[in-house]
Amino acid sequence: MKRDKIIYYVATGLLTLLMLFSVSMYFFKHDDVATMFTAFGYPTYIIYPYAIAKLLGLFAIWNPNFKIIKEWAYAGFFFAFILAFFAHYMIGDGEQTGALIAFVLLIVSYIFNKRIN
């Protein structure tokens with residue numbers, strides 16, 4: 001049980017750091033992110049709401065009282081990372097590795113969250 005908790009907290013912690021880096025880019029390097037979103041064909045007005053959604057998802061994942069909302073947060077991140085991977089892959093910018101790492105951390109976090117609860 002102790003090993004499972006360690007794996008959960010390490011995976012979730014690394015995922016959180018990756019998401020906080022992403023959110024900080026959305027807020028503090030908005031022009032760079034807007035250029036990237038334009039290359040994907042996405043509208044730039046979704047950058048700030050997407051950053052806030054990521055923060056809310058992280059809050060839900062770390063809060064043990066929101067079991068159903070936590071499931072929705074994991075699902076939201078799952079689809080976001082899959083779509084981010086393919087968006088980067090399709091435009092060929094070589095940045096899909098971050099989405100793949102986030103996806104693996106998410107899966108590990110989800111599995112070990114289920115094991116410890």
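This is a predicted model: local features need pLDDT of at least 70, side-chain atom pairs count only at pLDDT 80 or more; totals for chains, interfaces and linings use all residues.

Colleague: Fine. How many residues does the largest nonpolar core have?

Modeller: That core has 16 residues. Those with the most contacts inside it are Tyr8, Leu15, Met19, Ile61, Phe77, Phe81 and Leu106. Helices H1 (2–28), H3 (47–62), H4 (67–91) and H5 (96–116) each supply at least two residues of this core.

Colleague: Which helix gives the most to this core?

Modeller: H5 does, with five residues.

Colleague: And what is Met19 in contact with, leaving aside its neighbours within four places in sequence?

Modeller: Met19 is in contact with Lys54, Leu58, Phe77 and Phe81. There is also a second, separate core of seven residues, and Val23, Tyr26, Ala34 and Ile47 are among them.

Colleague: Is Ala11 buried or exposed?

Modeller: Ala11 counts as buried because its relative accessible area is 5%, and the cut-off for buried is under 20%.

Colleague: Now H4. How many residues does it have, and what does it reach from its first C-alpha to its last?

Modeller: H4 has 25 residues and reaches 36 Å, close to the 36 Å expected at 1.5 Å a residue. After H4 comes Gly92, with a positive phi near 70°.

Colleague: Which residues of H4 are buried?

Modeller: Lys70, Ala73, Tyr74, Phe77, Ala80, Phe81, Ala87 and His88 are buried in H4. Phe77 and Phe81 also came up among the residues with the most contacts inside the largest core.

Colleague: What do the buried residues of H4 pack against?

Modeller: They pack against H1, helix H2 (30–40), H3 and H5.

Colleague: Surface next. Which residues make the nonpolar surface patch?

Modeller: Leu20, Phe27, Phe28, Tyr48, Ile52, Leu55 and Leu56 make a nonpolar patch of about 700 Å². H1 and H3 each supply at least two of its residues.

Colleague: Where does the largest share of the nonpolar patch come from?

Modeller: From H3, with four residues.

Colleague: And Leu20, where does that lie?

Modeller: Leu20 lies in helix H1. Leu20 is partly exposed, with a relative accessible area of 40%, so it passes the patch requirement of over 30%.

Colleague: Last topic, charges. How many salt bridges does the structure hold?

Modeller: The structure holds three salt bridges. Asp4 forms one with Arg3, where the closest N and O atoms are 3.4 Å apart. Asp4 also meets Arg115 in a salt bridge at 3.9 Å, N to O. That pair links distant parts of the chain, with Arg115 in helix H5 and Asp4 in helix H1, 111 residues apart.

Colleague: So which residues are linked in a network of salt bridges?

Modeller: Arg3, Asp4 and Arg115 are linked in that way. Asp4 is buried, with a relative accessible area of 10%. Arg3 counts as exposed at 51% relative accessibility, and Arg115 is partly exposed at 46%.

Colleague: Which side chain does Glu71 meet in a salt bridge?

Modeller: Glu71 meets Lys114, at 2.5 Å, N to O. Glu71 is in helix H4 and Lys114 is in helix H5, and the pair links parts of the chain 43 residues apart.

Colleague: How do the two ends of that pair count for accessibility?

Modeller: Glu71 counts as partly exposed at 27% relative accessibility. Lys114 is partly exposed too, with a relative accessible area of 42%.

Notes
Residues are numbered from 1 along each chain as its sequence is written. Side-chain values use heavy atoms; hydrogens and water are left out. A nonpolar core is a set of buried Ala, Val, Leu, Ile, Met, Phe, Trp, Tyr and Cys residues joined through side-chain atoms within 4.5 Å. Buried means under 20% relative accessible area, exposed over 50%, partly exposed in between (1.4 Å probe, protein chains only). Contact means heavy atoms within 4.5 Å. The expected span of a helix is 1.5 Å times one less than its number of residues. Patches are made of residues with over 30% relative accessible area and no salt bridge: like charges are joined within 9 Å, nonpolar side chains (Val, Leu, Ile, Met, Phe, Trp, Tyr) within 5 Å. Accessible areas come from the Shrake-Rupley method with a 1.4 Å probe; for residues, only the protein chains shown count as cover. A salt bridge is a side-chain nitrogen of Lys or Arg within 4 Å of a carboxyl oxygen of Asp or Glu.
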